[in-house]
Amino acid sequence: MSDLFDYTVRLGDDALIAAQRTAEWIAAAPQLEEDVALGNIGLDQLGQARSLLQYAGSLDGRTEDDLAYFREEREFRNLQLCELPNGDFAHAMARLLYFATYQHLLYEELRTCADETLAGVAGKAVKEVAYHVDHATQWVLRLGDGTEESHRRMQAALEALWPYTGEMFESDELIGRLAVAVDPAPLRAEWERRVLAVIDESTCSRPEASYQHTGGRSGRHTEHLGYLLAELQHVARSHPGATW
Amino acid sequence: MLTRMDSFQATIDADGRIEPRDAMPEGYRKTLIRQIAQHAHSEIIGMQPEGNWISRAPSLRRKAILMAKVQDEAGHGLYLYAAAETLGVDRAELLDLLHAGRQKYSSIFNYPTLTWADIGAIGWLVDGAAIVNQVPLCRCSYGPYARAMVRVCKEESFHQRQGFEILHTLCNGTPGQKAMAQDALDRWWWPSLMMFGPPDAASTHSEQSMAWGIKRHSNDELRQRFVDMTVPQADILGLRVPDDGLVYDDATGHYTFTEPDYAELYEVVKGNGPCNEKRLAHRVKAHEDGAWVREAAAAYAAKRQEAVA
Ligand SMILES: [Fe+2]
Ligand SMILES: [Fe+2]
């Protein structure tokens, strides 16, 4: 399999697994407006996943559904941050702030890369994730500077997910070899600047972590991914060869 | 001299629109609040049986279509609560009544979605029946409700086509897929017929609603229209409608069909359907789990207000 395939699958898997988690909020959100907003965000993420997995699949004769439904857990390359269970609404907004800010910086660079398809996907997605960042920012501010309870929950969520953010900025040999790939390591400083500015304004304190989890990019996941995939894949796998 | 109530009656008689600031009889206002609230509640409770399959949709394309559909239903809930609010109630109040079991939602959503084919059947039959019920509401005498319905109906007809297309694909697929489609029709046919309410002879609210221009056709007329529209579509799919009494009557141009078991409808309305408890409990939990979020948003907004003042 080519480096371009592997790289595209990383980004596609991030978006797919994020979409699966975001969709769990539909019909369970704190208010109806938020069911609609999270529906929009989930649809954006799923749209990005589809474009990326279609492209990856086209490189080796598979479809988006082959890749989404018929790969094993160890073949998925998404960040662990994306697969963690939802938790409360503060966790949802902390994750969205961390992840969408990362995606925004990444797509901004990717849209000028030499691969036309990746550049095209990134050019469309960058506008979508800018809205996701804005949505998450508004909620982190409201929850951080809302009531005592919301402040406590927001703080807890920011801290719980912080140890899963380091993985976003890992460089590796694949990134080094593939010219069109965006090296995420140099994005970290700007990511921290943006995210910490929101956290400061929200009156929450900056999370600290002595340890960062890793493994998603090489297919070593948390125990949660297996269950997520079992649910995502089971109908398709129960009817091999069927079209839907 | 004309009183304000005379002008209400004159508007109704001329088939015009009543707007929020116009005078209206208290009974008219109450009937509309009850009906619009019940409709809004149905939209948001209806998100659950379909939302049940988002995580398991068998292709990414179907997943995207289903997510967009369920999201549309949330949007319909929003327009309808906004229409109800023009009558002097607020959404929070109506949700409390729903959660306390004091306002109803459509009984169809108290049936479970057991297979992927149910997502097709709901789009085709349930959105299909909703369209038959709602198209006449686009001409309802109350302006905000009628206008909300125009938007809603446009989207429901997309949903209906998407549902049909899901079943069409299954019916042209493997034997297992086709069996899944038939099973879904077998289970959803009768509850769909019940969506038009009790037979005319037993319908309690109909007559006054007709006089007020809220309702335009009787339950039985709409049910007939639905059967006439749906049976030929079942033929196209190659599915069998589970009614041995179904025959096309050349003389009238209508299908004759077996009435559903209304005793079942009354049981489900009373709360004894397969999913009544689950649907309401899910809704109440989402609302209660979200209370701290709504409180935080209100507290934050109040702080900003203070800062500006
Ligand atoms: Fe709807
Ligand atoms: Fe619908």
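The model is predicted, with local features resting on pLDDT of at least 70 and side-chain atom pairs on pLDDT 80 or more, while totals for chains, interfaces and linings use all residues. Residues are numbered from 1 along each chain as its sequence is written, chains are lettered from A and ligands numbered from 1 in the order in which they are written, and side-chain values use heavy atoms, leaving out hydrogens and water.

B:Glu73 (OE), B:Asp127 (OD), B:Glu156 (OE) and B:His159 (ND1) coordinate the iron ion (ligand 2) at 1.9 to 2.3 Å; donors are N, O and S atoms within 2.8 Å of the metal (3.2 Å for Na, K and Ca), and water is not among the atoms, so sites may look incomplete. The iron ion (ligand 1) lies 3.5 Å from the iron ion (ligand 2), and B:Glu73 coordinates both. B:Asp127 belongs to helix H6 (residues 117–134) of chain B and B:His159 to helix H7 (residues 143–171) of chain B, so the pair ties together parts that are 32 residues apart in sequence. Helices here are DSSP runs (H or I, at least four residues), numbered from the N terminus. B:Asp127 and B:His159 are both buried, that is, under 20% relative accessible area with a 1.4 Å probe, protein chains only.

Turning to the packing, A:Tyr7 is in contact with residues including A:Leu106, A:Leu118 and A:Val182, leaving aside neighbours within four places in sequence; contact means heavy atoms within 4.5 Å.

Notes: Helix = DSSP H or I, 4+ residues; strand = E, 2+ residues; numbered from the N terminus. Buried < 20%, exposed > 50% of the residue type's maximum accessible area, 1.4 Å probe, protein only.
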